[in-house]
Amino acid sequence: MNPLKQSLADDIITSMKAHNIERVKVLRNVQAVIKQIEIDRQTQLDDADVLEVLQKQLKQRHESLTIFTENDRVDLATKEQFEIDIINEFMPMQMDDAELADLVNAEITAQGAKSMRDMGGVMGVLKIKTAGRADPAIISKLVRQALQP
């Protein structure tokens with residue numbers, strides 16, 4: 001078992017022993033999503049794949065949080081924020097805006113990208129370099145801004 005999945009399993013056990021049922025529910029839900037993807041793909045996920053799953057889980061919860069907040073559903077918004085906080089514990093340190101902009105500019109320069117046709121190649125490399133440390137939507141926005149005339 002890879003380190004990230006092992007960390008998740010260990011945290012479930014620790015939370016169960018501490019009788020932290022709400023935390024166990026969130027962690028088991030995430031673990032179930034990972035296992036379902038492994039079954040569907042018929043392969044074991046590595047840490048990068050698990051980070052991608054966690055990132056998707058965070059994105060879904062952020063979208064729900066926004067909807068619940070807009071509709072004054074404080075109870076549901078609080079629950080979503082609780083789940084976001086727990087999942088974030090397993091995510092690597094996020095890159096700040098300046099660091100991300102520098103990385104985008106360096107990759108564009110390294111590949112000699114000049115136009116939007118080069119965006120796919122730049123995004124492919126940046127996705128690997130920033131796995132779990134930056135939102136792909138933000139990276140895409142920065143690349144698009146840098147490549148537009």
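1. Most residues other than glycine have a negative phi. Gln42 sits in the loop between helix 2 (21-41) and helix 3 (47-70), and its relative accessible area of 73% makes it exposed. The cut-offs are under 20% relative accessible area for buried, over 50% for exposed, and partly exposed in between (1.4 Å probe, protein chains only).

2. Before going on, a word on the model. It is predicted, so local features need pLDDT of at least 70 and side-chain atom pairs count only at pLDDT 80 or more, while totals for chains, interfaces and linings use all residues. Residues are numbered from 1 along each chain as its sequence is written, and side-chain values use heavy atoms, with hydrogens and water left out.

3. Asp72 is another spot to look at: it is not a glycine, yet its phi is positive at about 55 degrees. Asp72 belongs to the loop between helix 3 and helix 4 (74-88), and it counts as exposed because its relative accessibility is 65%.

4. Now for the overall layout. The protein chain has seven helices and zero strands, and its C-alpha trace spans about 55 × 40 × 25 Å along the principal axes. Of its 149 residues, 34% count as buried. The chain exposes about 9400 Å², with 55% of that supplied by carbon and sulfur atoms; areas come from the Shrake-Rupley method with a 1.4 Å probe, and for residues only the protein chains shown count as cover.

5. The chain is divided into domain 1 (4-89) and domain 2 (97-147), with bounds from an automatic or database domain assignment. Taken over C-alpha atoms, the centres of the two domains are 27 Å apart.

6. Back to helix 2, which has 21 residues and reaches 30 Å from first C-alpha to last, close to the 30 Å expected at 1.5 Å a residue. That expected span is 1.5 Å times one less than the number of residues. Buried residues in helix 2 are Arg23, Val24, Val26, Leu27, Val30, Gln31, Ile34 and Glu38. They lie on the same side of helix 2 because they cover an arc of only 170 degrees around the axis, judged by the directions from the helix axis to the C-beta atoms. The face turned away from this buried side carries the exposed residues Ile39 and Asp40. Helix 1, helix 3 and helix 4 are among what covers the buried residues.

7. What does Ser15 touch? Leaving out residues up to four places away in sequence, its contacts (heavy atoms within 4.5 Å) are Asn20, Arg23, Val24 and Leu27. Ser15 is in helix 1 (residues 3-17) and counts as buried, at 4% relative accessibility.

8. On to the cores, meaning sets of buried Ala, Val, Leu, Ile, Met, Phe, Trp, Tyr and Cys residues joined through side-chain atoms within 4.5 Å. The largest nonpolar core has 20 residues, and Ile34 and Leu54 have the most contacts inside it. Helix 1, helix 2, helix 3 and helix 4 each give two or more residues to this core, and helix 3 gives the most, with six. A second, separate core of 13 residues includes Met95, Ala113, Met119 and Leu126.

Notes:
Helix = DSSP H or I, 4+ residues; strand = E, 2+ residues; numbered from the N terminus.
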